[in-house]
Amino acid sequence: MPPKFMSQLVSAWLAAASLAAAGTAVAAEPLRVGATYITSGTDPAKGSNGWALVSHGVGENLFTVDKDGRLVPELAEKAERTGDLTWTITLKPGRMFSDGTPVAAKALAAGFENTFVNNKAALATGGKLTFKAIDDLILKVKTEKPVPYIQALFAEWPLIAYKPASDGNAVFTGPYRIEAFKTDASITLEPNARFPGVDKRSPVNFHKFGDAQTMTLALESGELDLAFGLPSEVVSRLKASPDLTIKSFPVGYQYLAFLNTARPLLGDVKVRRALDLAFDRRELAAAINGGEPASGAYAAYFPFAGKEARPTDLAKAAALLDEAGWKKGASGMREKDGKPLRLLAITYPQRPDLVTMLPVVKAELARIGVATDTQVVENIQQVASAGDFDIALWAQHTAPSGDPAFFLNSMLRSGASLNYAKYASPEFDAILDRFATEGDPVKRVTIALDAQAKLFADAPASFLVSPVWYVGMSKRLRNYEPWGSDYHVLRADIGEAKQAR
Amino acid sequence: MNLVRFGIRSLTGLFAVSLASFAIITMMPADPVSIAIRVWNLPATDETVAALRVQWGLDQPLLPRYFRWLANFVTGDWGRSFRTGESVIAEFVERLPVSLSLGMAGLALAIVLAIPLGFFAAAYPRGLADRFSRALSVFVQAVPGFWLGLVLHWVLGVQLRWIRPFANDWTAIVLPVLLVALHSVAVLARVYRRDLTETAAQPHFRTALAKGLSERQALWRHGHRGAIYALLAAVRSEAGWVIGSTATMEILFGLPGISQFLVQSIAARDQMVLQAYVMVIAVWMLIVNGGAYLAMRLLDPRLA
C-alpha cells in the first residue's frame, strides 16, 4: 500500500469528518457556559432533574428564593390557608408556557401530580399533595401532613412547575427552552419567546465538564463565557488575566460529612463525636481557599444558623475513642481487639472543593489515630444510597426555600429517602414534627436550633465549611452577578454585555 | 474461500462475544431496578419494582432474554437505556460519528506519521529520527494520556491559542485526534523501523546496494513493502489501544461519544447500553482486523 495513497485517503477522510462536524455548528453566537454538572434528563419528575432544570433557566417554581434570600412568589401570586391541610394558590395572570399556552391551574396540577407519584423527595415536607383546579388561576391544594407555610414547600427543588405534554415530554415556563439535549454532555438552550425580555437573551450552549481543571482551561483558552464553580486553587492565576472576570459569592450550601450510622465502626456515637471533634474546619476552609468554618447545618447568614463555629478538640476526641475501646497501637493508629479503626471516606468530582478537602480530612483523622481510605466516586448518590461508605463528603444547599425544615426532613429524618447517614432518632423526629404546626418564623428558628443541637450530640453528620464559590466570565458576561448558589445559574437577568452582541 | 471462512469465523466470534458479555453483565452484582429506584427517588413499592422488571425484561430467564435481545439487536432494536429511557440505537447513531472520527482519524494519522519517522529512524540508526522515535515510545508508555491532554491543552490552547479544543465545530477534535495518534505513532514507527532494519541485514539488500542504489533507495524499494506488512499487523493490535485512548479523550474534552455515555452507564448497570457498547467494539475490532487482513493480502499474494 503506497504511503501516498494512504496519505490521500486519510486527508480525504479527515476533510469529510471536518465538514460533517462543521455542518453541525450553530450559526448564531450562543453564550458558552460550562459547569461540572448537567441535568441527567428532561423528565422533571425524575431524580434531581427538577433542581437542574431550574438551575439551567428552563423551569420555575410557584415560589422561589430571591437574591436577598427572601421567599417570593414566582409563578404564583399568593397562597392562602383555607383549613388545617388545605390551601388556595392564586397564579399570576399572563404567564405562558414555552409552547405559547397560558399557565393554567389544571396544567400545573397535572405536572405536580406526576411529580408526587414519581419522586419521593417531593413528599419530604407535606407528604403527598392533592390538587384541584378551581379555575384557570386558582389551584386548591391539600397536604397529607400539616404544613405551616406552603410557600416554602413550593420553593423546594422537586416541585418544579411544568405541563406534561401528550408526547411524554414536559413544557416549562423559564427564560430558556430546551433546543437539544445530549445526555451527560450538553444542553442547547434557546430564549423562551414567551418569557419577558426575550430580545435580551442569547441562545446558550451549556457544556458539562468531567473535570473542573479542564473547565478552567476551557475558560482560559477563550472557549467559555461563563465557567461556574471554578476550583479555588486557580482563582489567583485567573484573576491575572485581563480577558477574564472572576467573582466569588457566598452560597447557601454547606460542605458536610455524612457519618454512616449503619456501619459497624460508626454505629457508636462516641466514635462519631470523636470524628466531629477531630475536623479542623479552619484548615479545611483554608484548603479550598474560600469560605468559613461551619457553625452548624446552615450558612451563617440565615437566622436559624448556629452562632459559633463548630469546635475542634483533639484531646476530647482522643478521650472519646479511648472510652469507646479504640486504643492507640504501636503504630500510633487505633485498634480494638486487634482490629484497626479504618474508615472509608468518599466524595465526588462534581464538587471539586470536596475533592480538595478529602486528603485534608484523611490527615486530620490520622491525628487522632484513625486510618482512612479515600475514594472519589462518579455517582455519589448511588454509592451513598447503597450505604457503601463510612464518611461521605457532601455539598448540600440546606435552605433552598429559605426555610430550615426541608433539609432536615429530607436528609436526616428517620427513613427519609435521602437519609444517607441512616440516622434514626425518635427524639430528633419529634423535634422536626414541631415544624409541621409552627408558622411563626421566630419559633421556627428555635426549632431549627434545637434540631441542630440534637445533631451535634448524635453526630450523624459533621458540618464542615460554609463555602464561597467562584465563577469566571469572559468580557461578554462580565456583568453576570452570581447568586442563589447553583439553583439559579442561568437566569433572565444574565447580564450579557451589550457591545458583545 | 478464505474470505468466506473469515466471514464465518467473524460471525461465530460476534455470537460468542455477545453471549458471554450478556451473561456477565446480567450476573453483575447490583440490580438495575434497585439503582433506578434510589437514583430517581422512585417510591420503592412492590408494584414499581415489578413494573420496572417487566418493562426492562428482567423478569425473564437469562437465555430467553438473550435470544430476544439478539433477535431485536440484529433487526435494529437495541432496546432502551435503563438510565435515560432513550433508544440505545438512537444514542449510538448520534454518538458513534464522534467516537469513530476520533478512533479512525487517530489511527490513520498514526500510520501516516509512523512511516516517515520509522523510515528515517532505520535509514540513520542513532540519528535524530531514531533517537526521537525511541524517546517518544518511552514517553507515551510512561505518561498518562489524561495528563498529557491537560498539559497540551494548556500550552497549545491557553498559551499559544493554536487550537480550540472546546469549540463548537470540527476544530474541537484536532487535539484529541493528535493525542490518540501519539501513542500509536510511537509503537508503529518502531515496528516499521525494526522490519526495515531486519531487511537491511538480508543478502538481497546488500545486492541492491552493490547495484549502486543508495541505502535510502534500497530501503524504500526493497524494505518498505515488507515493513508496511509488519506495520499493518501491528495496527490490528493497536486498534484495541485506540479504543481506550478514545474513551479518555471523550471524557477529558467532553466529547459526546459512546465512551462518555458508557462511563455513566456502567455505574447504573445499564445493560442495554453496556451490551451495545461491547458489540460496537467487537465490530470495530473486526473491521480493523478485516481491513488490515485485506491490505496484507494485497501486499503478499501468497495469503490469497
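**A hairpin and its surroundings**

In chain A, strand 4 is linked to strand 5 by a hairpin of 4 residues. Strands here are DSSP runs (E, at least two residues), helices are runs of H or I with at least four residues, and both are numbered from the N terminus. Strand 4 (residues 76-81) and strand 5 (residues 86-91) of chain A run antiparallel and are joined by 5 bridges. Two strands pair if DSSP finds at least two bridges between them.

Residues are numbered from 1 along each chain as its sequence is written, while chains are lettered from A and ligands numbered from 1 in the order in which they are written.

Now to the sheets of chain A. One is an open sheet of 7 strands with mixed pairing, in the order 10-11-12-1-13-24-14. Its edges are strand 10 (176-182) and strand 14 (245-250) of chain A, each of which pairs on one side only. From one strand to the next, the twist averages 20°, an angle between N-to-C directions, on a scale from 0 to 180 degrees, of lines fitted to C-alpha atoms. Inside this sheet, strand 1 (residues 31-35) of chain A runs parallel to strand 12 (residues 204-208) of chain A, and 5 bridges join them. Take R32(A) as an example: its bridge partner in strand 12 of chain A is N205(A).

Another open sheet of chain A has 6 strands in the order 16-23-15-22-20-21, again with mixed pairing. Strand 16 (292-293) and strand 21 (371-376) of chain A each have a single partner strand, so one side of each has no neighbour in the sheet. Strand 16 of chain A pairs with strand 23 (residues 461-466) of chain A in the antiparallel sense, over 2 bridges. There, E292(A) has S466(A) of strand 23 as its bridge partner.

Strand 12 of chain A also has a place in the contact with chain B. The elements giving two or more residues to the side of chain A that touches chain B are helix 1 (3-23), strand 12, helix 5 (212-220) and helix 11 (380-386) of chain A. Helix 1 of chain A gives the most, with 11 residues. In total, the contact takes 44 residues from chain A and 43 residues from chain B, where residues are in contact if their C-beta atoms, placed from the backbone, lie within 7 Å. The side of chain A that touches chain B has 17 nonpolar, 19 polar and 8 charged residues. Here Ala, Val, Leu, Ile, Met, Phe, Trp, Tyr, Cys and Pro count as nonpolar, Asp, Glu, Lys and Arg as charged, and the others, Gly among them, as polar.

How far can you trust this picture? The mean pLDDT of chain A is 90, and 93% of its residues reach 70 or more; pLDDT is the predictor's confidence in each residue, from 0 to 100. Over residues 1-27 of chain A, however, pLDDT stays under 50. Where pLDDT is low, the predicted coordinates should not be read in detail.

Conventions
Predicted model: local features only at pLDDT ≥ 70, side-chain atom pairs only at ≥ 80, totals over all residues. Contact = placed C-beta atoms within 7 Å.
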